[in-house]
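Thanks for making time this morning. I have one structure to go through, and I will take it piece by piece.

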Amino acid sequence: MSGVTLENVWKRFGTTEVLKGIDLAFEPGEFVVLVGPSGCGKSTLLNIVAGLETLTEGEVRIGDRVVTHVPPKDRDIAMVFQSYSLYPTKSVRRNITFGMEMRGVDKAKQDKSVADVAALLHIEPLLDRKPAQLSGGQRQRVAMARALVRDPDLFLFDEPLSNLDAKLRIEMRTEIKKLHQRIQKSVIYVTHDQIEAMTLASRIAVMDQGHVRQFATPDEIYENPADLFVASFMGSPPMNILSGRIVDEGGLAVEVSDEAGPVRFPLPDPLARSVAGAAGRSVKLGLRPETITGRDGQQRVADLFAFERRIEVIEPTGPDTMLITSLGGEELIARVRPEDRAQVGQPFAFEVNMAKAKLFDAESGRRL
Amino acid sequence: MSGATDGIVRASGAGSRFLRILLFALLILFALYYLLPFFVMLATSLKTLDEIRTGSLISLPSSLNLQPWVEAWSGACVGVRCDGLQPYFWNSVLIAIPGVAISTFLGAIAGYALTKWRFRGANIIFALMLFGAFIPFQVVLLPMARTLGFLGIAGTLAGLILVHVVYGLAFTTLFFRNFFVSVPDALVHAAKLDGAGFFAIFFRILVPMAIPTFGITVIWQFTQIWNDFLFGVAFTVGDSNPVTVALNNVVNTSTGVKQYNVDMAAAIIAALPTLLVYVVAGRYFLRGLAAGAVKG
């Protein structure tokens, strides 16, 4: 089993820079998710690891081997594509064995490998069908079977679930996770879906505009986002970002004002220390929707702070209800219990757990 | 073809029924209009010369007289040689089969390379090839004659095959390029990861997918090469003439009585193979023309 190391990887198409000096090191057996908005360079990075794309500058190592100039077929990797990329004229069985045929594996071994992998993915009844006769979920399984049968060192997944419907996507997500726990191989997985990233990854690399913004465990990414981009990209609904000013009135607070008057969010101790003596400074206050509730919506902790705002929209989801209001000219989403009766246009008393609040520099977006 | 539109609700009522009847009447009228010349040819080829002289153009032959067909196939005189169209027909077969095969194969490879193994300047090369499809025949006559002379194959079947291959390449490449450009690159990527190289990907993955494109390309090329007259008359001499040139020589002979029935039979013989190819491969032609309109 091998890890993957990317060193100062640059990719330029003419004058456009797609990847701007990526440095990442993945441990063997790790499930790494590359996540980011479309155009952030995540798929390009995956293709560079696969050898399907050349890099302009830098080095790629799989294990200890430098593979920068090694063609894809000699990298000991397997890949699952977004559109499955099954060979349309071949049966499922021939799709799975094509790689072994190309490598001259003898027939008996091919048959055994197909039987094993078909059993693992429950696709035995499909082996003699053509891809056109399969449903989306079945095609997905066949694509995974084709990758698994190679028994490579490293698996690459390029948005494999994005063509599936919502229910199937959740099922396959669990299945991929189970599969990884079972085979314990290194995986690099590209997605734009932050929930997929959170649920699957052992570590997440959040990418934006050719840079890696943060590379850490899902918990760390969620609880300690490095900057505004990571904070607002990860989480659904996204973190509320409010523009405010540090004020000092017997304790530091962030003041957010609009036509309904100012709201002063008192800063608890660790946060207050990070901006000590900076009264008047512009900051962004990040509040996750689940930290804003109705009264008594959360455990009694020391740093609760209450304020009132009119409700603009109510979105029930079942387990929770999203209340949307505005504060300081920004939209604010709160996640409350369904039994917290609220009415559109009426004022509602919100309660924020300030211990979970994040502060960001207004200009650089870096976390304070 | 059918099925998808069968269930669409149509307007009903007297007005629309009248319009439908009118539509079919027009279609039948045009169908007759197009079939009439062929009917005249067929009827004339089966008549005796007397009957042609005395009867009307569209009357049916009084009896099936196959003699003109035998005459056209193996007895009519082309210049001083009186073996009928037969030897020239085989010339055309010997030209068309390798001509179609080579130009189709090269077009497939070129279309594949231009779309799936993109290289610097691929677009320019494709634009130049596309330009080749618009060059009129007569423009290339002289340069081609010089080239064939230089290669030492002027006036031979091989020379004419080369001309057809070169001229057809623009079209065959265009057909295949347009098909392969619709095949997702990810499929080629998957095959590369599976260990397949340039030719393995082409023969094992893409050729089976491109069968309908092969169908329309073969029809197109066969029709072009078989029906060609100008290249045939310019680049072959006497015994190596294709059937179209021989047909002209049979019909335009200035000696003896004009044998309309033999001329008609000869013309039908010369046209028969393209008709046959269309019937055999025609469904691919339609499928190929419609391909790309809707993603399957």
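This is a predicted model: local features need pLDDT of at least 70, side-chain atom pairs count only at pLDDT 80 or more; totals for chains, interfaces and linings use all residues.

What follows is a walk through the chains, their domains, the cores and some strands.

Let me start with chain A as a whole. Chain A has nine helices and 21 strands. Taken along the principal axes, its C-alpha atoms fill a box of roughly 80 × 45 × 35 Å. The chain has 368 residues, and buried residues make up 53% of them. On contact order, take the contacts in chain A between residues at least 6 apart in sequence: 67% of these join residues at least 24 apart.

Now the domains. Chain A is divided into domain 1, residues 4–230, and domain 2, residues 240–361. The C-alpha centres of domain 1 and domain 2 of chain A lie 39 Å apart. Six residues from domain 1 of chain A and seven residues from domain 2 of chain A take part in the contact. Between them, these two domains of chain A bury about 600 Å², with 56% of it on carbon and sulfur atoms.

Nine residues of domain 1 of chain B are in contact with nine residues of domain 2 of chain B. The area buried between domain 1 and domain 2 of chain B is about 730 Å², and carbon and sulfur atoms give 82% of that. On the side of domain 1 of chain B, B:Met41, B:Ser45 and B:Leu49 supply 58% of the area buried against domain 2 of chain B, more than any other three residues.

Next, the interface between the chains. How many residues of chain A are in contact with chain B? The count is 22 residues of chain A against 15 residues of chain B. The two chains bury about 1600 Å² between them, 66% of it on carbon and sulfur atoms. A:Leu52, A:Tyr87 and A:Met102 are the residues of chain A that lose the most area to chain B, together 29% of what that side buries.

On to the nonpolar cores. The largest has 56 residues, and those with the most contacts inside it are A:Leu34, A:Leu45, A:Leu156, A:Ile188 and B:Phe180. Helix α9 of chain B, residues 198–209, gives the largest share of this core, seven residues. Another core lies apart from it, with 45 residues, including A:Phe31, A:Leu126, A:Val187 and A:Ala216. As for A:Leu45, leaving aside its neighbours within four places in sequence, its contacts are A:Leu6, A:Val9, A:Leu19, A:Ile22, A:Leu24, A:Leu34 and A:Met207.

A:Arg141 is found in helix α4 of chain A, residues 136–148. Is A:Arg141 buried or exposed? Its relative accessibility is 17%, so A:Arg141 counts as buried, the cut-off being under 20%. Not counting residues up to four places away in sequence, A:Arg141 touches A:Leu121, A:His122, A:Ile123, A:Met172 and A:Glu175.

Last, some strands of chain A. Strand β11, residues 240–248, pairs with strand β14, residues 282–287, in the antiparallel sense over six bridges. Within that pair, A:Leu242 stands opposite A:Leu285. β11(A) is also joined to strand β12, residues 252–258, by four bridges, again antiparallel. There, A:Val247 has A:Ala253 as its bridge partner. The hairpin of β11(A) and β12(A) has three residues between the strands, and A:Gly250 takes a positive phi near 65° in it.

Further along, three strands of chain A form an open antiparallel sheet in the order β17-β18-β19. Its edge strands are β17 (313–316) and β19 (330–336), each pairing on one side only. The twist from one strand to the next averages 25°. β18(A), residues 321–327, pairs with β19(A) over seven bridges, and A:Leu323 stands opposite A:Ala334 there.

That is the end of my list.

Methods:
Residues are numbered from 1 along each chain as its sequence is written. Chains are lettered from A and ligands numbered from 1 in the order in which they are written. Side-chain values use heavy atoms; hydrogens and water are left out. A nonpolar core is a set of buried Ala, Val, Leu, Ile, Met, Phe, Trp, Tyr and Cys residues joined through side-chain atoms within 4.5 Å. Buried means under 20% relative accessible area, exposed over 50%, partly exposed in between (1.4 Å probe, protein chains only). Helices (H or I, at least four residues) and strands (E, at least two) are DSSP runs, numbered from the N terminus. Contact means heavy atoms within 4.5 Å. Two strands pair if DSSP finds at least two bridges between them. Axes are lines fitted to C-alpha atoms, for helices over the stretch in contact, and angles run from 0 to 180 degrees between N-to-C directions. Buried area is the accessible area (1.4 Å probe) that two parts lose on being put together, summed over both. Domain bounds come from an automatic or database domain assignment.
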